[in-house]
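Student: I have a structure to go through with you. Can we take it one question at a time?

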Amino acid sequence: MKLKYDQYIKQLMGVTGIHGIFLVTSFLTHILLSNYLPASQFGEYSFYSSLIQLFVVIGLFGQHNYLTRELLKVRTGFSKGFSGITRKSLGYSAIAWSLLAAVFLGANAIGWFNIEWPITVLILLITGFIVVGTIRQAVQKAFDQVGVSQLPEKLLFSAVFLLTLSTGVFWLKLDLTILKVMFFSASAYFISQIAGVIIYASLKKKQPPKPIEKASETSNEKPATRWYFYFMSVIDIIDSNVDIYLIKYFEEYETVAIYSVVKRVAMLLHTIIYISNYALGPEVSKLYYSGQIQKLQSTVARIVLMNLSFGAIALIVLISFKNIILSLFGDFYHENITWALYSVMMLAQFVNVALGAPNQVLSSTGFERYNLWVYAGGVLLQVVLGSIALHYYNITGMAIVTLISAFYWNGLTHFIMERKVGVKILGFKR
C-alpha cells in the first residue's frame, strides 16, 4: 500500500512557512545586536541565551516531550485522563522552576555566576514564560495543531523583539546595553505568551480531531518515564551548548561573540532538520503506536532524502557567500572569523541535517532512554576533547570537536533506531 502522507506534508509546509519568517526576523535581530552591541556584551548576551535554554529544559522537567507522547496515547486508546495528565505536567514544571530559581539566585549571590541582579531576575522571568508556553504547546502538538503551537509564538516573539530593538536604536537613538536587550527580550516573551493563551483558548472551542485507530503495542519495552525525558532534555541542551559554556570558561566574551556568530549562521542549516523533526514527531508516534512500521519506514526515508537535498543546497550557498554573510554582522566578525572555523561549523550542521532523523524517531516511539545515554556520551566527548582543543587550537579546535560529536551521536542513534524500531534512514536492503 502506498503511503499517503498528504497531511504530514501539509503540516511540514505550514511549519516551514512560519519558521522561515521566524528565521529571517531572528537573523536580522542578531545582525542588529552584533552591530550595535560591543563584542563583549554580544558575547555576554549569547551566553545568557544558552543559559536560558538550559534553564528552560530544567524547568520543563521533561514534560514537553512526555506530555505530547502521553496525549497521543490517549487518542490511540492506550491511556485515559487528558486533564489529569496535563495538570500533573504543569505541577511538576512549577516545582522544577521554583527549585531552579532558588538555586540560581543562591549561586549568583555567592559569586558563581557574577551576573547583575536585574539580569538575573529577567533570566528567570524569561525561563518561566517559555516553560508555561511550551507545556501548552505540547498539548496543541499532540492534537494535530503543529501549525498553531510553538512556531507562531516564536515568530511573534522575534517580530516584537526586533521591533522594540529597532525602535530603540533607530528612532529613540538608545545606546544598547545588555540590560536593555534582556529587558526587551523579556517583554517580547511576555507579549507572545499572552497571544499564545488567546490562540489556545479559541482552539479549545473547536471540535477535537478524530481518535487515531487503536492498535496493539508494538514494543515490549516499558516506555520512558518523565525522568528519562527530563534527563534526556537536560543533557540534550547541554550537548547543544557545551561549546559556548567551555569557550566562556576558557576565553573572554569577545571570543564567545565570534563563535556565536558562526554558530548562528550554521543554524541556518540546522533549521532544516528542526522543521522536519517538528512535524515528523507526531507522525512517527501515530504510525508506530498503530503498528504501521512499513509506513513509518517509508515516511522516514522520504524525509531523509528531502533533508539531504535541501541541506546540500544550503551548504553550498552558505560556503559560497561566506564573506557577504559575515559582513552583515560587522567588520569585527568579518575579520576575525577564519575560513577553517566557518567551513567546519557548516559541515558539522550538515551532518546533523543529513543524519538527524533517528533522534526524533527514538524520541517518539518510547526509546528515549537510548537518546539519553547517547547524549551523555556526547557531552563527555565534547567536554574532554573540547577542553584540549581550546587549549591548543582555540575556537577552531572547538568547531572540529563539534563535527566529531555530530558523527558520533547521529551514527549511534541510527544504529539504535535500526535495532529497536526496525527502521533505517533510507530503508535500503542489505
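**Loops, helices and buried contacts**

Tutor: Start with Lys173, which sits in the loop between helix H6 (150-171) and helix H7 (178-204). Keep in mind that this is a predicted model.

Student: Which phi does Lys173 have?

Tutor: Most residues other than glycine have a negative phi. Lys173 is not a glycine, yet its phi is positive, at about 55°.

Student: Is Lys173 buried or exposed?

Tutor: The cut-off for exposed is over 50% relative accessible area. Lys173 has 62% relative accessibility, so it counts as exposed.

Student: Where does Asn114 lie?

Tutor: Asn114 is another non-glycine residue with a positive phi, about 55°. Asn114 is exposed, with a relative accessible area of 68%. Its place is the loop between helix H4 (82-109) and helix H5 (117-142).

Student: How many helices and strands does the protein chain have?

Tutor: The chain has 430 residues, and 54% of them count as buried. Among contacts between residues at least 6 apart in sequence, 82% join residues at least 24 apart. The count for the chain is 15 helices and 0 strands.

Student: Which residues touch the most other members of the largest nonpolar core?

Tutor: That core holds 94 residues. The members with the most contacts to other members are Met182, Val265 and Met346.

Student: Are H10 and H13 roughly parallel or antiparallel?

Tutor: Two packed helices are described by the angle and the distance between their axes. The axes of helix H10 (residues 293-320) and helix H13 (residues 339-355) come within 9 Å and cross at roughly 170°. Angles over 145 degrees count as roughly antiparallel. H10 and H13 are therefore roughly antiparallel.

Student: How many nonpolar, polar and charged residues does the contact of H10 with H13 have?

Tutor: On the H10 side are Val304, Asn307, Leu308, Gly311, Ala312, Leu315, Leu318 and Ile319. They meet Trp339, Tyr342, Met346, Leu347, Phe350, Val353 and Ala354 in H13. By class, that makes 13 nonpolar, 2 polar and no charged residues.

Student: How far apart are the C-alpha atoms of Gly356 and Thr413?

Tutor: Gly356 is in the loop between H13 and helix H14 (357-363). Gly356 is buried, with a relative accessible area of 4%. Gly356 and Thr413 are 57 residues apart along the chain, and their C-alpha atoms are separated by 8.6 Å.

Student: Which backbone oxygen does the side chain of Thr365 reach?

Tutor: Thr365 lies in the loop between H14 and H15. At 1% relative accessibility, Thr365 counts as buried. Its side chain comes to 2.7 Å from the backbone oxygen of Val361.

Student: With which residues is Thr365 in contact, leaving aside its neighbours within four places in sequence?

Tutor: Val421 is one of them. Thr365 and Val421 are 56 residues apart in sequence, but 7.7 Å apart in space, C-alpha to C-alpha.

Student: Which side chain does a polar contact join to that of Gln382?

Tutor: Gln382 is in helix H15 (residues 368-420). At 3% relative accessibility, Gln382 counts as buried. The contact is 3.5 Å, and the partner is Ser405.

Student: With what is Ser405 in contact, leaving aside its neighbours within four places in sequence?

Tutor: Ser405 also lies in helix H15. Ser405 is buried, with a relative accessible area of 2%. Gln382, for its part, touches residues including Asp239, Val242 and Ser405. The partners of Ser405 are Asp239, Gly378, Leu381 and Gln382.

Student: Is Ile194 exposed or partly exposed?

Tutor: Ile194 is in helix H7. The C-alpha atoms of Ile194 and Phe129 are separated by 9.6 Å. At 42% relative accessibility, Ile194 counts as partly exposed.

Conventions:
Residues numbered from 1 in each chain as written. Predicted model: local features only at pLDDT ≥ 70, side-chain atom pairs only at ≥ 80, totals over all residues. Heavy atoms only, no water. Core = buried A, V, L, I, M, F, W, Y, C linked by side-chain atoms within 4.5 Å. Buried < 20%, exposed > 50% of the residue type's maximum accessible area, 1.4 Å probe, protein only. Helix = DSSP H or I, 4+ residues; strand = E, 2+ residues; numbered from the N terminus. Axes fitted to C-alpha atoms, helices over the stretch in contact; angles between N-to-C directions. Parallel < 35°, antiparallel > 145°, perpendicular 65-115°, else oblique. Contact = heavy atoms within 4.5 Å. Nonpolar A, V, L, I, M, F, W, Y, C, P; charged D, E, K, R; others polar. Polar contact = N/O pair within 3.5 Å; in protein donor to acceptor, adjacent residues only side chain to side chain.
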